[in-house]
Amino acid sequence: MPVPERSSPGSAFQWQGLDRHGQARHGVLHATDATTARSALRRQGIRVARLGAAPALPASGTRSPGTGRGSAGSRRITEKQLVLFTRQLATMLHAGLPLLQSLDIAIRGAGTGALAALLHAVRQDVARGDSLSIALGRHPRHFDTLFCNLVRAAEQAGLLDSMLERIAGYREKSLSLKGRVRAALAYPCAVVLVALVVTVVIMLWVVPAFEQMFSNFGAELPLPTRIVMATARWLGHSWPALLGAMALATLLGVQAWHRLPRLRQRAQRLSLRLPVFGRLLRQAALARWSRTFATLFGAGIALVDALETVAGAAGNVVHAEASLAIRDAVRNGASLHAAMEATGVFPDLAVQMTAVGEEAGALDTMLGKIAELNEREVDDAVTALTSLMEPVIMAVLGLVIGGLVVAMYLPVFRLGAVT
């Protein structure tokens, strides 16, 4: 798939989307405005998921404002810091402070870290006459298309302070939801990891000590003991090769995840079908989708444009493709709830609530209620999973560790019975 050519001088737009075969594509397109860029991509068969201003490149040895400093140390800027900045900026603007003065206060509050450098670059662009949405769009790593679109709509409506407050609330809820899902998935993984470490310690250090003691018995050891000791000997000789193989497999897996979009998409699809965690992930994805959609539509962004932005912010290929399919159906005259039902991705309750919202003219409110409902279900699912996993994990650990202990003490028990 060829990357769009630089047709004419203009602004540079970073884009992400799906081609005619459903494969993820991305690139940089030069066009006079965002509408022209979307049209050019559609002519090439690209279904646009994200479109935003590309970071300016350094020219003739000088740094473009906000580019070098914004990217330097970018990994050290957390989402919590950005949420706090957004809420602080909303509070200062609501209090009547000018935008530049508010940014100056935010920069001083950020100290001397990477966030301060990022905000300083944004402040310079605003001082030169750029709007806040354009200045933020030059840093897509930290301010995505959704954030910039909402700020742009608020600037046009003259409601920047209330919109920033709304964005901060949206991102806080998204961050909280993500944290709950991670906690639900991380708990069993952490316990299993500890169990593996304990088992390896027993096999590498405890079992050899027992083996040396049993060598003086002069009698045949029980079968479980012989199996454990043989496994410990093999692990003691092979652990460097095993560790290297695990490191190599991890490295190759990470590279494949980043370089093979089909593998990533397939993994995302399969994750929603997992027997225990699949329902939790589906509810979390629906909550994120509906919360994002409600925020965009409530900000006055057109339905078709909101669906395109939602596709890019869905966080899951299933809901991203469903969003683009809904967009195409709505563009052809279908109702939103009928288009949602046709995808087969959204549950009946979400479809029916959307239909009620359309009929009542309160779609953003109803989408927000769908998000709240699914967020509560995620909370309940996390609590239930934690309660369920604790006895299961304890039982498995008891079998593994207890089995090793019994296998190593069987010869001692037999020796005591003989004497």
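**Helix packing in a predicted model**

Q: What makes helix 11 and helix 13 oblique to each other?
A: Helix 11 and helix 13 (residues 317-331) pack at an angle of about 40°, with their axes 11 Å apart. Axes are lines fitted to C-alpha atoms, for helices over the stretch in contact, and angles run from 0 to 180 degrees between N-to-C directions. Angles under 35 degrees count as roughly parallel, over 145 as roughly antiparallel, 65 to 115 as roughly perpendicular and the rest as oblique. Helix 11 and helix 13 are therefore oblique. Helices here are DSSP runs of H or I with at least four residues, numbered from the N terminus.

Q: Which residues make the contact of helix 11 with helix 13?
A: Ala285, Leu286 and Trp289 of helix 11 meet His319, Ser323 and Ile326 of helix 13, where contact means heavy atoms within 4.5 Å. By class, this contact has four nonpolar, two polar and no charged residues. Nonpolar covers Ala, Val, Leu, Ile, Met, Phe, Trp, Tyr, Cys and Pro; charged covers Asp, Glu, Lys and Arg; the others, Gly among them, are polar.

Q: How far can the model be trusted, by its pLDDT?
A: The model is predicted: local features need pLDDT of at least 70, and side-chain atom pairs count only at pLDDT 80 or more, while totals for chains, interfaces and linings use all residues. Residues are numbered from 1 along each chain as its sequence is written, and side-chain values use heavy atoms, with hydrogens and water left out. The protein averages a pLDDT (the predictor's confidence in each residue, from 0 to 100) of 80, and 88% of the residues score at least 70. Over residues 1-9 the pLDDT is below 50.

Q: Why is helix 8 called roughly antiparallel to helix 11?
A: Helix 8 (residues 160-214) and helix 11 (residues 278-298) pack at an angle of about 175°, with their axes 11 Å apart. That angle makes helix 8 roughly antiparallel to helix 11. The residues of this contact divide into ten nonpolar, four polar and four charged.

Q: What makes helix 4 roughly antiparallel to helix 5?
A: The angle between helix 4 (residues 99-110) and helix 5 (residues 114-127) is about 165°, and their axes are 9 Å apart. Helix 4 is therefore roughly antiparallel to helix 5. Their contact has eleven nonpolar, one polar and two charged residues.

Q: How do you know that Arg123 forms a salt bridge with Asp104?
A: The closest N and O atoms of Arg123 and Asp104 are 2.9 Å apart. A salt bridge requires a side-chain nitrogen of Lys or Arg within 4 Å of a carboxyl oxygen of Asp or Glu, and the pair is accordingly a salt bridge. Arg123 lies in helix 5 and Asp104 in helix 4, 19 residues apart. A search of the whole structure finds 13 salt bridges.

Notes
Helix = DSSP H or I, 4+ residues; strand = E, 2+ residues; numbered from the N terminus.
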